[in-house]
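Student: I have a new structure to read. Can you take me through it feature by feature?

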Amino acid sequence: SGYGVIISNNELATSVPSYAFQYITEITDIFLPDSITYIGRGAFQKCTSLKNILISKNVQVFDRQCFSYTNLSEITVPNSITAFKNGIFVGTPLQRFVYEGTLEDWCKINFEVAATQYASESSNPMYYGAEKVYIDGKNIEGEVTMPAVLNKQCIVNNPLIHSIVIPDNASQVQALAIYNCEALTKVQWNAVECQVTSYGDS
């Protein structure tokens, strides 16, 4: 048996401190009120019985390994998020990640770039299976029209995309914005169609 945790909803409770609940294996459920904007490094790391979490609709940052080695299979994240740090879900059997914002919102998120490209160090949930990630209610697949801003590693390890269109009003495409998408064969940018013959650091 286990128990749930409700973090007090008051003006002083704006974060879950780093390692606050680390190794507390009896926790099964977490409720984070809307006052919470930051989830600290390793905050719920190795809470091995943790199966359910309700995230604050105002959360902005998931710090490193905050949900690593838990038993979460599904999580829903609001469009208030601005930054994902590395290793958030390493060792966690995540089967469904739901982002409540649009693709445009998603591509503006600051995804921390790992020192290596191993999934265990990645910040983008797509590393754990693009088919498990739902943005605005759907997978990112097929032919995709990208938004005007593409931050680093916003689209990664996605075998579902075969074609992308970058719009004429594109204002920022950062290095590694679209990374390791092995089925991607065509890119259209400024009405010029390009065939992709290799992929990697691009």
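Student: Where does Tyr69 lie?

Tutor: Start with one caution: this is a predicted model. Tyr69 lies in the loop between E6 and E7. Its backbone has a positive phi of about 55 degrees, although Tyr69 is not a glycine.

Student: Is Tyr69 buried, exposed or partly exposed?

Tutor: Tyr69 is partly exposed, because its relative accessible area is 38%, which falls between the cut-offs of 20% and 50%. Lys46 lies over the face of Tyr69, at 5.4 Å from the ring centre.

Student: Next, charges. How many salt bridges does the count come to?

Tutor: The general idea comes before the count. Side chains of opposite charge can pair when their charged atoms come close. Here the count comes to 3 salt bridges. Take Arg64 and Glu112: their closest N and O atoms are 2.3 Å apart. This pair links distant parts of the chain, 48 residues apart. Arg64 is in the loop between strand E6 (61-62) and strand E7 (74-77). Glu112 is in the loop between strand E10 (110-111) and strand E11 (133-135).

Student: Which of these two counts as buried, and which as partly exposed?

Tutor: Glu112 counts as buried, because its relative accessibility is 16%, under the 20% cut-off. Arg64, at 31%, counts as partly exposed.

Student: What does Glu74 form a salt bridge with?

Tutor: Its partner is Arg96, with the closest N and O atoms 3.7 Å apart. Glu74 lies in strand E7 and Arg96 in strand E9 (residues 96-99), so the pair ties together parts that are 22 residues apart in sequence. Both ends are partly exposed: Glu74 has a relative accessible area of 40%, and Arg96 has 33%. Arg96 also lies over the face of Tyr134, at 4.1 Å from the ring centre.

Student: Which side chain meets Glu104 in a salt bridge?

Tutor: Lys108 does, at 3.7 Å from N to O. Glu104 is partly exposed, with a relative accessible area of 44%. Lys108 is partly exposed too, also with 44%.

Student: What are the two faces of E7?

Tutor: In a regular strand the side chains alternate between the two faces of the sheet. Now look at E7. Its covered face holds Ile75 and Val77. Its uncovered face holds Glu74 and Thr76.

Student: In what sense do E7 and E9 pair?

Tutor: They pair in the parallel sense, over 4 bridges. Follow Val77 across: its bridge partner in E9 is Tyr99.

Student: Now the rings. How many aromatic pairs does the count come to?

Tutor: A pair of aromatic rings is described by the distance of the centres and the angle of the planes. In this model the count comes to 13 aromatic pairs. Phe62 and Phe67 make one of them, with ring centres 5.4 Å apart and planes at 80 degrees, so the pair is edge-to-face. Phe62 is buried at 0% relative accessibility, and Phe67 is buried at 0% as well. Phe89 and Phe97 are edge-to-face too, at 6.0 Å centre to centre and 75 degrees between the planes. Both Phe89 and Phe97 are buried.

Student: Which residues form one aromatic cluster?

Tutor: The cluster takes in Phe21, Phe44, Phe62, Phe67, Phe84, Phe89, Phe97, Tyr99, Trp106, Phe111 and Tyr128.

Student: Which residues touch the most other members in the largest nonpolar core?

Tutor: That core has 56 residues. Ile39, Phe44, Phe62, Phe67, Trp106 and Ile155 touch the most other members. Elements giving two or more residues to the core include E7, E9, helix H1 (103-106) and strand E15 (161-166). E15 gives the most, with 3 residues.

Student: Phe62 keeps coming up. What is Phe62 in contact with, leaving aside its neighbours within four places in sequence?

Tutor: Its contacts include Ile39, Ile55, Phe67, Phe84 and Ile88. Also among them are Ile75 and Val77, the two residues on the covered face of E7.

How values were computed
Residues numbered from 1 in each chain as written. Predicted model: local features only at pLDDT ≥ 70, side-chain atom pairs only at ≥ 80, totals over all residues. Heavy atoms only, no water. Salt bridge = Lys/Arg side-chain N within 4 Å of Asp/Glu carboxyl O. Buried < 20%, exposed > 50% of the residue type's maximum accessible area, 1.4 Å probe, protein only. Phe/Tyr/Trp six-rings, centres within 6.5 Å; stacked < 30°, edge-to-face > 60°. Lys NZ or Arg CZ within 6 Å of the ring centre and 35° of its normal. Core = buried A, V, L, I, M, F, W, Y, C linked by side-chain atoms within 4.5 Å. Contact = heavy atoms within 4.5 Å. Pairing = 2+ DSSP bridges.
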